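Please look over the sequence and the structure shown below before reading on. The paragraphs that follow proceed from the overall fold to individual contacts.

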Amino acid sequence: MAEGLYLMFCIEHVRDYNKGYSFTSAPSSDEVARYQKEAAEGRRVTFGTRVDRSTEIPMPSTARSGSAKALNQRKTAAQRQAQKADLQKRKLKVLEAKAFDTLGLEADATPEDIRRRYRERLKMHHPDGNQGDRTSEAALQATIEAHKILKLNGFC
């Protein structure tokens with residue numbers, strides 16, 4: 001507060017404010033000792049540091065928590081294999097079916113088949129491989145998107 005600045009309070013508020021202070025009597029030695037002990041200890045709630053053994057692999061700090069990549073990183077190898085087997089059995093989602101169709105593959109294609117076809121189509125439609133011809137640029141983008149969808153869903 002700036003020097004010379006005074007605040008005006010009504011007498012009722014002054015009494016409430018000053019209730020916590022005893023200007024006439026000093027605290028007893030026991031009260032002073034208790035206060036000093038509490039101040040030294042902090043009197044705060046502390047929790048144990050025991051850590052239970054985690055059942056899942058901890059997520060790396062660089063991965064985003066909700067991304068498919070982050071969720072797949074947390075799975076063990078056996079869980080990933082079981083997921084791939086389930087993917088082969090279940091009905092394909094619309095985008096997955098379109099991705100397989102874009103790459104010209106069947107739904108039961110292996111990850112190696114998907115990677116091989118992806119590389120073939122990249123070489124086929126890339127402008128550097130077509131002497132700068134940009135007519136197949138849409139097919140190149142569709143191929144990249146199809147591979148991205150299949151990769152995110154665990155097919156390759």
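A helix here is a DSSP run of H or I with at least four residues, a strand is a run of E with at least two, and both are numbered from the N terminus. By that rule, the protein chain has seven helices and zero strands. The structure is a predicted model. Read from the N terminus, the elements of the chain follow the order α-α-α-α-α-α-α.

Two figures describe the chain as a whole. Of its 156 residues, 15% count as buried. Among the contacts in the chain with a separation of 6 or more, 39% are made by residues 24 or more positions apart.

Helix H5 covers residues 94–103 and helix H7 covers residues 137–152. The axes of H5 and H7 lie 9 Å apart, and the two helices pack at an angle of about 130°. An angle over 145 degrees would count as roughly antiparallel, and 65 to 115 degrees as roughly perpendicular. H5 and H7 are therefore oblique to each other. Their crossing is left-handed. On the side of H5, the contact is made by Leu 95, Glu 96, Ala 99, Phe 100, Thr 102 and Leu 103, and on the side of H7 by Ala 142, Thr 143, Ala 146, Ile 149 and Leu 150. These residues divide into eight nonpolar, two polar and one charged.

Ile 149 is found in helix H7. With a relative accessibility of 22%, Ile 149 counts as partly exposed, because buried means under 20% and exposed means over 50%. Leaving aside neighbours within four places in sequence, Ile 149 is in contact with Leu 95, Glu 96 and Ala 99. Ile 149 also illustrates how sequence and space can be compared: Ile 149 and Lys 98 are 51 residues apart in sequence, and their C-alpha atoms are 9.6 Å apart in space.

Which two residues form an aromatic pair that is edge-to-face? The count comes to one aromatic pair. It is formed by Phe 100 and Phe 155, with 5.2 Å from centre to centre and 85° between the planes. Phe 100 lies in helix H5 and Phe 155 in the segment after H7, so the pair ties together parts that are 55 residues apart in sequence. Phe 100 is buried, at a relative accessible area of 2%. Phe 155 is likewise buried, at 3%.

Helix H5 also packs with helix H6. The axes of H5 and H6 are 10 Å apart, and the angle is about 55°. H5 and H6 are therefore oblique to each other. Phe 100, Thr 102 and Leu 103 of H5 make this contact with Ile 114, Arg 117, Tyr 118 and Arg 121 of H6. The residues of the contact divide into four nonpolar, one polar and two charged.

The remaining pairing to consider joins H6 and H7. The axes of these helices come within 9 Å and cross at roughly 160°. That angle makes H6 roughly antiparallel to H7, because angles over 145 degrees are placed in that class. H6 passes H7 in a left-handed crossing. Ile 114, Tyr 118, Arg 121, Leu 122 and His 125 of H6 take part, together with Ala 139, Leu 140, Thr 143, Ile 144, His 147 and Leu 150 of H7. Seven of the residues in this contact are nonpolar, three are polar and one is charged.

Two histidines belong to this contact between H6 and H7. Is His 125 buried or exposed? At 12% relative accessibility, His 125 counts as buried. His 125 lies in helix H6, which covers residues 111–125. Not counting residues up to four places away in sequence, His 125 touches Asn 130, Ser 136, Ala 139, Leu 140 and Thr 143.

His 147 lies in helix H7. His 147 is buried, with a relative accessible area of 11%. Leaving aside neighbours within four places in sequence, His 147 is in contact with Ile 114, Tyr 118 and Cys 156.

Conventions
Residues numbered from 1 in each chain as written. Predicted model: local features only at pLDDT ≥ 70, side-chain atom pairs only at ≥ 80, totals over all residues. Heavy atoms only, no water. Buried < 20%, exposed > 50% of the residue type's maximum accessible area, 1.4 Å probe, protein only. Contact = heavy atoms within 4.5 Å. Axes fitted to C-alpha atoms, helices over the stretch in contact; angles between N-to-C directions. Parallel < 35°, antiparallel > 145°, perpendicular 65-115°, else oblique. Left-handed = near helix turned anticlockwise from the far one by under 90°. Nonpolar A, V, L, I, M, F, W, Y, C, P; charged D, E, K, R; others polar. Phe/Tyr/Trp six-rings, centres within 6.5 Å; stacked < 30°, edge-to-face > 60°.
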